[in-house]
Amino acid sequence: MSVSLQSIGVSGIFAAEAEMAATESNISNASNPNYAVESVNLEANAGYGGIGDGVSILGTVSAQAPYLTSQINSNQSTDSYNQAFSLATTDAQQALAPSSGNDLSGSLQSLFNAFTNLSASPADATVRSSAIAAITQFAQTDQSLSSSLSSIANSQLTQVSSLVSQVNDASTQIAKLNSQITADQANGQSGAALEDQRNALVNQLATLIGASGDAQGNVSVGGMPLVSGTSALTLATVGSGPSLGLQVNLANGSLPVNVSQIGGTLGGVLAGATSVLQLQSQVNELSTSVAGALNTQAESGYGLDGSTGTALFTIPGSGGPVSVNSALTEQNLGASATASGVPGDGSNASALAAIGNNQNLIASLPNSTPVAAFSEITSNFGTVVQNANNNQQQSAATVQSLTQLQSSITGVSLNDQLTQLIQYQNALEASGRAVQAADDMTTYLVQSLSSSS
Amino acid sequence: MGVSDLSLFNSLAYSLDNNTSSLAQIEQQIATGNQVLQPSDNPTDYAASQVLSAQNSAVSNDLVLAQQVQAQLTTADGALANVGNAVDSAIAVATEGSNATTSPAQMATLGAQVQSILQQVLGQANSQYGGSYLFAGNQVQTPPYDSSGNYSGDTGTNSVTFSNGNQVQTNFAGQSIFGDTGSGLIATLTSLASALNSGNQAAVSAALPQLQTALTNIATSRGNLGINLQTANNLVTDATAQSTTLQTQISNLTGVNLAQAATNEQEALLQQQALVSMGSELGKIPLVDILA
């Protein structure tokens, strides 16, 4: 068996061309974050008697870092959860403790100050007007805070449908890709580009809902499958507002999803809404407790017009926020403790002011005055936001670090690629020269044989 | 292990984001003078400063109110002092009228003086502060005495309780201080004027101890009022000092250390310059230049 010098050179040309094609593809995808650097798998052809017989192209492969990919997906899920939770709670914190203007604590203290002033001058029209203004300001601050917290929670919950839709789109695409990859592999094709796309979609699902996938493209969240082979299950919302839930639709029914097992943006959004609604509930408890105690005291007093039994606030059955009693006027505000004490007795106003020192008004925050209770609520929520921000910074740093590591394996280094390009150009040129040399040898042999004959 | 170009840019962007975020926070701290800008910066200190701010608000309100009460009680004390002087004058007139050498015509003149003193006393008893009558009990919106000395106020009093628990009485029942047409100083002055006008020296003499009693009563009332005034004075002094202390405590909890903040800002700015400089180098690919 003879060795074909020309075919060896041609195989080298093919190999160099394939490598240059892969390199050019790598260079053109240098800024594509979902791209894994590709290389050509070559195999030396074994010739007769141990003499090499050129090179064969086995295929193109993508660089893989499966463990890092899995870690990134997991941490990306945590980071997305933390980002969504941190955003919601930071917004709520801004409403709870505005950087300018009065917060509920300031309104509360202004209210008790106004009652102290009223106790000194219960017949003074200006002082009575200031007391009504302080009552109104407290109610408005409470309403504004409660409304802001509702708005923040609702804006979180309204994102859920869109996120669920994105989850279902990604699941459907993964199921389709699974089908195409299986078909390509059956036909002996690499499917590297499709696997890149699938990895990106699995990462998107990890970001959206905290899902994790396996090497075969099966995806699940909290033990609940989202993609199984070539089938995608549909996630759907159930209920609305604070009772919003999720379920997975099956062919013959549905399964509820345990929301606490959901991660990613969707999990963070739901947890953020829950946290904000809990805060609203605490604020409502405080404001209704204070308003209730003030109402009881005010109703026992007498106004300048001699009337009694006028409440300061209207407290809704739903538990808040409070509003000013529409029947309250400067005249019927009960500053005096007795009918005969009108107008100069301000002892009931003094009793209203003393409620500011009552430490047993708020059931869930015993031993705290109203202002101290609000500060405790603020402090507790501040800790929630602080932890959320710290967690978010840590998870972002972890994702950044893992992404760097992954990128060092699967990312494109232009310096590497340009060096390789030169190497492959040289290989191509050398192979071409080898073919030329083989051709020259053949020509020489033919000419030598012709002249000798 | 290679380094991909994308990771270099991503890393730069991540570092620049963190640097910008730090710089923004430092600059906001310097601009506002506060290190704790929101609860999450330091939940414990933020909450503590919130409680201290509420206390400071109460103390500041106390200060303004105590100053107002101080002025109100000073007005009331001035009225009582004037009444005391008027009673002294009445005693002098009564002493002169009780002298056997005083003629009926002189006694009639003295009677007119006492009538004038009575009107002075009634005027002082109808003293007002901020539109409220000070000696009307709780009937602060109507003059407690008419020109004859009839009392239309009541026996009620009113007190203010300040945030430190101190109480100060602000209204006084005039009847217990000045009496009315039936008893007390006003009744004594009325009957003295009548005795002088009628030349009844025995009745004039009898009025003298009653005037002494009234003078003692006025002095006692001034003493009680003085206790309240002293409390108000102390409140003004204490509230001023307490407010300063509270503001210092708040500043200690949330205020920014400007020297430290300025150093942190310089460090962050240097880091930013280094990152931007690195970014401009990242834009260059040496190998491309070499190959070109």
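## Fold of chain B

Chain B holds eight helices and four strands. This is a predicted model. Along the sequence of chain B, the order reads α-α-α-β-β-β-β-α-α-α-α-α. The radius of gyration of chain B is 38 Å. The globule rule gives 19 Å for 292 residues, so chain B is more spread out than a compact globule.

The C-alpha trace of chain B spans about 135 × 30 × 25 Å along them.

## Domains of chain B

## Helix packing in chain B

Helix H2 of chain B covers residues 43–97, and helix H5 of chain B covers residues 184–198. The two pack at an angle of about 30 degrees, and their axes lie 11 Å apart. Angles under 35 degrees count as roughly parallel, so H2(B) is roughly parallel to H5(B). Their crossing is left-handed.

Which residues make the contact? From H2(B) come B:Val87, B:Ala90, B:Ala94 and B:Gly97. H5(B) contributes B:Leu185, B:Leu189, B:Leu192 and B:Leu196. By class, the contact of H2(B) with H5(B) has seven nonpolar residues, one polar residue and no charged ones.

## Chain B against chain A

The contact between the chains takes 44 residues from chain B and 48 residues from chain A. On the chain B side, four elements each supply at least two residues: helix H1 (5–32), H2, strand S3 (159–161) and helix H8 (286–291). H2(B) gives the most, with 12 residues.

The side of chain B that touches chain A divides into 20 nonpolar, 22 polar and two charged residues.

## Domains of chain A

The domain assignment of chain A gives domain 1 as 5–63 + 411–452 and domain 2 as 66–408. The C-alpha centres of domain 1 and domain 2 of chain A lie 63 Å apart.

The contact between them takes nine residues from domain 1 of chain A and seven residues from domain 2 of chain A. Strand S2 (residues 52–62) of chain A provides the largest share of the domain 1 side, four residues. By class, the domain 1 side of this contact in chain A has three nonpolar, five polar and one charged residue.

Conventions: Residues numbered from 1 in each chain as written. Chains lettered and ligands numbered in written order. Predicted model: local features only at pLDDT ≥ 70, side-chain atom pairs only at ≥ 80, totals over all residues. Axes fitted to C-alpha atoms, helices over the stretch in contact; angles between N-to-C directions. Parallel < 35°, antiparallel > 145°, perpendicular 65-115°, else oblique. Left-handed = near helix turned anticlockwise from the far one by under 90°. Contact = placed C-beta atoms within 7 Å. Nonpolar A, V, L, I, M, F, W, Y, C, P; charged D, E, K, R; others polar. Rg over C-alpha atoms; globule rule 2.2 N^0.38 Å. Domains from an automatic or database assignment.
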